[in-house]
Amino acid sequence: MKIRKALKNTRFEKIKLSFNSQFTVQTLINVLTIIVGSFLFAIGVNSFMIAGNLGEGGFIGISIILFYAYGIPTALSNLIMNFIILIVGFKFLGRRSMLYTIFTIPMTSLALWVTESWQIQTDEILINTVFGGLFIGMGIGLIIRIGSTTAGTTLLAKMANKFLDVNVSYALLFFDLIVITIGLTVMSLEQVLLTVIALYIATKVMDFIIEGMNPKKAVTIISRDPDLLANLINTKIHRGVTILDGHGYYSKEEKDILFVVINKSQLNRLKRLIKANDDQAFVVVHDVNSVLGNYLI
């Protein structure tokens, strides 16, 4: 009995140690991701946006406005404003997200301070616009992907996503446009319009980072020959198909409805397959933000 109990305790300790090691490694990866994201964000702001006399959205956009108007360092104003909004809206974050955000705020300000003199001067303003949006989108995307926020309008966007089911990236774009409008007080209309282009690029890059490199599409198909299409999707596109029971409200006719989730790159091939075998099929394509698991029925 003692030997069996000792072996049981040993196995428990091994499992516990393995769990703690895995947790520590994942936490370290997330911390390093925040550091990398913070510096990418800061490079986008200092090296491209401020270097091109452009603005930004969110609280960093307000910091840039204060910098242009009064010479207040962006690192300082960004730190103060983000901690204030975090104190106000901390209850909208989970414990894990809260802890990461507390680390992210000073890290982004530190990165802004370190890269303050890293300005790339160019005669082509579109270089500042495109690469500023690219670096900012990558930075914020990495930070949000691991469950953290940069507070500011990112926190507001998360609140909108939680309560209004609004896409985080587009909620950010909405709040950012408000800040950009205020930027007209210290920037020309041309600079503001270029900043809007940079914001759009940042939003698209952020979507790419957050949602993954291979976005999915969900397709609902109502066909006269659902078995044929289901078999072709299985054999030609190599995707699982779910058949749902349905009926027409007006005709009361029973229908088998096909539901399939595919890679975006497979969508045109699926459309051609459906058209070739049933050109009267009713097809609805849905955007999918996230797919979890691998359960086939």
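**Architecture and aromatic contacts**

The protein contains ten helices and four strands. The model is a predicted one. Along the sequence, these elements follow the pattern α-α-α-α-α-α-α-α-β-α-β-β-α-β.

Some totals describe the chain as a whole. Of its 297 residues, 42% count as buried. Among contacts with a separation of 6 or more, 72% are made by residues 24 or more positions apart. The accessible surface amounts to about 17,400 Å², and 64% of that surface belongs to carbon and sulfur atoms.

How are the four strands arranged? They form an open sheet in the order β2-β3-β1-β4, with antiparallel pairing. Strands β2 (242-247) and β4 (282-288) stand at the edges, and each has a single partner strand, so one side of each is left without a neighbour in the sheet. From one strand to the next, the twist averages 25°. In general, strands of a sheet pair through backbone hydrogen bonds, in either a parallel or an antiparallel manner. Here, strand β1 (residues 216-222) runs antiparallel to β4 and is joined to it by seven bridges.

Attention now turns to the aromatic side chains. A pair of aromatic rings is described by the distance of the centres and the angle of the planes. A search of the whole structure finds four aromatic pairs. In one of them, the rings of Phe 48 and Phe 131 have centres 5.9 Å apart and planes at 25°; because planes under 30 degrees apart count as stacked, this pair is stacked. The pair links distant parts of the chain, since Phe 48 belongs to helix α1 (residues 2-50) and Phe 131 to helix α5, 83 residues apart. Phe 48 has 7% relative accessibility and therefore counts as buried, whereas Phe 131, at 37%, counts as partly exposed. Another pair, formed by Phe 174 and Phe 175, is edge-to-face, with 5.5 Å centre to centre and 65° between the planes. Phe 48 and Phe 131 also form one aromatic cluster together with Phe 135.

Helix α5 (residues 125-145) also includes Arg 145. This arginine, Arg 145, has a relative accessibility of 49% and so counts as partly exposed. Arg 145 and Asn 30 are separated by 115 residues in sequence, while their C-alpha atoms are 9.4 Å apart in space.

Key: Residues numbered from 1 in each chain as written. Predicted model: local features only at pLDDT ≥ 70, side-chain atom pairs only at ≥ 80, totals over all residues. Heavy atoms only, no water. Helix = DSSP H or I, 4+ residues; strand = E, 2+ residues; numbered from the N terminus. Buried < 20%, exposed > 50% of the residue type's maximum accessible area, 1.4 Å probe, protein only. Contact = heavy atoms within 4.5 Å. Areas by Shrake-Rupley, 256 points an atom, 1.4 Å probe, with all protein chains shown as cover. Pairing = 2+ DSSP bridges. Axes fitted to C-alpha atoms, helices over the stretch in contact; angles between N-to-C directions. Phe/Tyr/Trp six-rings, centres within 6.5 Å; stacked < 30°, edge-to-face > 60°.
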